[in-house]
Every structure is written in structure tokens, then in C-alpha cells.
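Hi everyone, thanks for coming.

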Amino acid sequence: MNHSDKEAEKFYRGLAQRGVGVRVGMEATGYSRWFERLLAELGIEVWIGNAAEIKTKRVRKQKTDRNDAELLLKLLLENTFPKIWVPSPGNRDLRQLLWHRHRMVQMRTRIMNQLQALAMNEGQRRKKKLWNEAGRAQLEKLPLATWASRRRQDLLELLDRMNPTIEELTAVVEQEAKKWSEVLRLMTHPGVGPLTALAFVLIIGTPERFQCGKQIGSYIGLIPSEDSSASHQRLGHITKQGSSLLRFLLVEAAQAAARWDADWRRRYMHLAMRRQRSIAKVAMARRLAVRLYWMWRNGWEYSQWVKFGSNAGQLVSGHGVN
């Protein structure tokens with residue numbers, strides 16, 4: 001069926017009008033929100049399947065649309081369809097807010113880097129001081145050629161337009177974070193702000209989806225890839241599965257926690273000296289994700305985590321457990 005001329009929409013609307021009970025199975029993919037909204041409007045049940053698990057069930061090395069449809073139908077009929085959790089429409093819309101702010105910050109960073117390059121080419125290396133009042137005035141007074149001057153002017157105008165937008169989006173994120181009790185609870189952890197806490201709650205969805213903290217690291221993609229056999233263990237880079245936004249925010253939050261919390265700073269420096277700083281950042285981000293998961297699941301604030309966690313592993317008496 002062709003989607004562009006609404007042939008698929010006519011087909012499913014016809015099923016709904018005839019009162020036919022329908023269950024639709026599809027692989028998790030992008031660009032399908034319109035289809036999910038259509039089926040929800042018609043009251044048709046939709047199951048979204050794990051694409052990686054569905055791929056493992058293909059026997060022949062022949063991939064066509066018909067073969068894919070037959071495989072999905074077979075899994076549905078056999079009740080072995082790998083159904084996954086799907087966020088609500090409100091959850092998805094709030095994720096768009098976080099993604100929009102994240103992309104705007106990335107665009108602003110690129111603009112600021114270009115302006116830094118212009119200043120450095122003229123012998124001005126001011127780093128962060130370039131963005132205060134005196135640095136901005138000096139940047140505008142630099143004698144540049146015609147097109148370099150035009151580039152500076154356009155970049156400064158873009159920067160001036162983006163700063164208020166990012167501040168507005170940040171304020172909206174802070175307001176949304178106050179509406180979620182679990183987000184406020186996670187924000188009690190050092191280094192975790194409203195952006196990281198809200199993203200963690202929205203993307204994880206519910207802590208009951210996971211049986212243990214190890215699954216959180218795997219879901220976010222903060223565990224190393226592995227290709228081991230027999231006694232040979234081969235570990236590679238992190239898998240980078242899951243949300244890249246949440247991984248980025250957790251790495252930033254872990255570094256902030258290492259700056260402000262003595263225990264986190266000690267752990268981070270120990271890992272950095274043993275391995276590398278980049279590896280230490282990822283390891284601390286994974287530790288932070290696991291800790292936030294348990295805080296959320298147990299309903300603890302950071303002070304409660306410190307209280308109960310500090311006694312873990314200590315014996316009741318010097319002679320062991322009676």
C-alpha cells in the first residue's frame with residue numbers, strides 16, 4: 001500500500017468502520033508517529049517490536065518487505081513477538097523540548113567556536129573572557145577584511161538571537177521538572193540538575209522495566225562491547241545503544257559531581273590515574289545512572305542513599321553474622 005496517496009489510511013479506516021478487531025505489529029523505527037497516531041485514533045492495537053530481536057529470528061539471508069511482513073505475522077500468531085515499552089504522547093513531546101534545547105546549545109557552541117577562531121587569528125586568545133562585556137567590545141573592534149567582518153557580524157547576530165531562546169527553553173525545563181516528584185528527588189544528587197533528572201525519568205520511563213542496575217547501563221549504552229570466546233575476552237568501546245542525549249547529560253553530570261563531591265572526586269581521580277580520563281568519565285557516568293535508578297526505585301533522596309549505602313557490607317559484630 002502506498003502511503004503518499006493515503007491508501008494505507010483508507011485501508012485501516014475501512015477496517016475500523018466494519019468493526020474488525022485488528023492488532024498491528026511493526027518494528028521500532030523512525031518516521032512512524034503519524035501511523036501510530038492514526039491507529040490510536042481508530043482504536044487499533046499497535047505492538048512495537050524490538051528490531052534487534054526480530055532480526056535474530058530471520059533464517060534466510062533474504063530481506064524484502066514481503067518477507068519482513070510474513071515474519072512479523074508469524075511472530076504475532078505464535079505469541080513470540082518481542083514487544084517493547086512505548087512512551088506516551090506526552091512523554092514524547094517533552095523529549096522534543098529536551099532535544100530542541102540540546103540542539104540549540106550545540107549550534108551556539110559552534111558559533112562561539114567560530115568567533116574564537118576569528119579572534120585567535122588576530123592574535124587575541126581570551127578564552128571565556130571573550131564573552132564578557134570587555135571581550136565582546138574588543139571582538140567587535142578587531143580590524144578585519146570585508147568578508148571576515150561580514151562573517152563576524154552574522155555570527156554575532158546569530159549568537160544574540162540564540163541566547164534568549166536557550167534561556168527561555170531552560171526556564172521551561174526547570175518548570176517542567178518541578179511537576180515531577182521523582183525528578184525533584186533525583187536532583188538532590190550532587191551534579192544532577194533539572195535537565196539531567198528530567199531526561200532520565202522521561203527516557204527510562206519507569207524503574208520497574210529493569211530488574212537491576214546493570215540493565216540500566218546496557219540500556220543507555222554505557223557498557224563496553226564484547227566479542228569473547230572461550231578464555232579470550234575482548235572488550236571494545238562502549239556500545240552507544242540507547243539515547244545519545246541521556247548519555248551526554250550523564251557524562252556532564254558525573255563530571256559536575258566530581259567537582260563538587262569529595263567522594264566522587266576521589267573515585268574519578270583513582271580511575272583517571274589507572275586508565276584514562278575519557279574512560280573515567282564514562283565509568284562515572286555509568287555509576288551515576290545506576291545510582292539514580294536505585295534512588296528512583298527505592299524512593300530515596302541523596303541523603304537517604306548516603307545513610308543506607310554507607311552501612312552496606314558492614315558486619316553487625318566483629319565475629320560475623322550470628
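Predicted model: local features only at pLDDT ≥ 70, side-chain atom pairs only at ≥ 80, totals over all residues.

Residues are numbered from 1 along each chain as its sequence is written, and side-chain values use heavy atoms, with hydrogens and water left out.

So, which residues touch the most other members of the largest nonpolar core? In that core of 60 residues, they are F200 and L250. By nonpolar core I mean buried Ala, Val, Leu, Ile, Met, Phe, Trp, Tyr and Cys residues joined through side-chain atoms within 4.5 Å, and buried is under 20% relative accessible area with a 1.4 Å probe, protein chains only. There's also a second, separate core of 10 residues, including L15 and F35.

Now helices, which are DSSP runs of H or I, at least four residues, numbered from the N terminus. The axes of α9 (residues 194–204) and α11 (residues 244–260) come within 10 Å and cross at roughly 145 degrees; axes are lines fitted to C-alpha atoms over the stretch in contact, with angles from 0 to 180 degrees between N-to-C directions. F200 of α9 and L250 of α11 are among the residues making that contact, meaning heavy atoms within 4.5 Å.

The other pair is α12 (residues 262–274) and α13 (residues 277–298), with axes within 8 Å, crossing at roughly 140 degrees. W264 of α12 and R291 of α13 are among the residues in contact there.

Methods. Buried < 20%, exposed > 50% of the residue type's maximum accessible area, 1.4 Å probe, protein only. Helix = DSSP H or I, 4+ residues; strand = E, 2+ residues; numbered from the N terminus.
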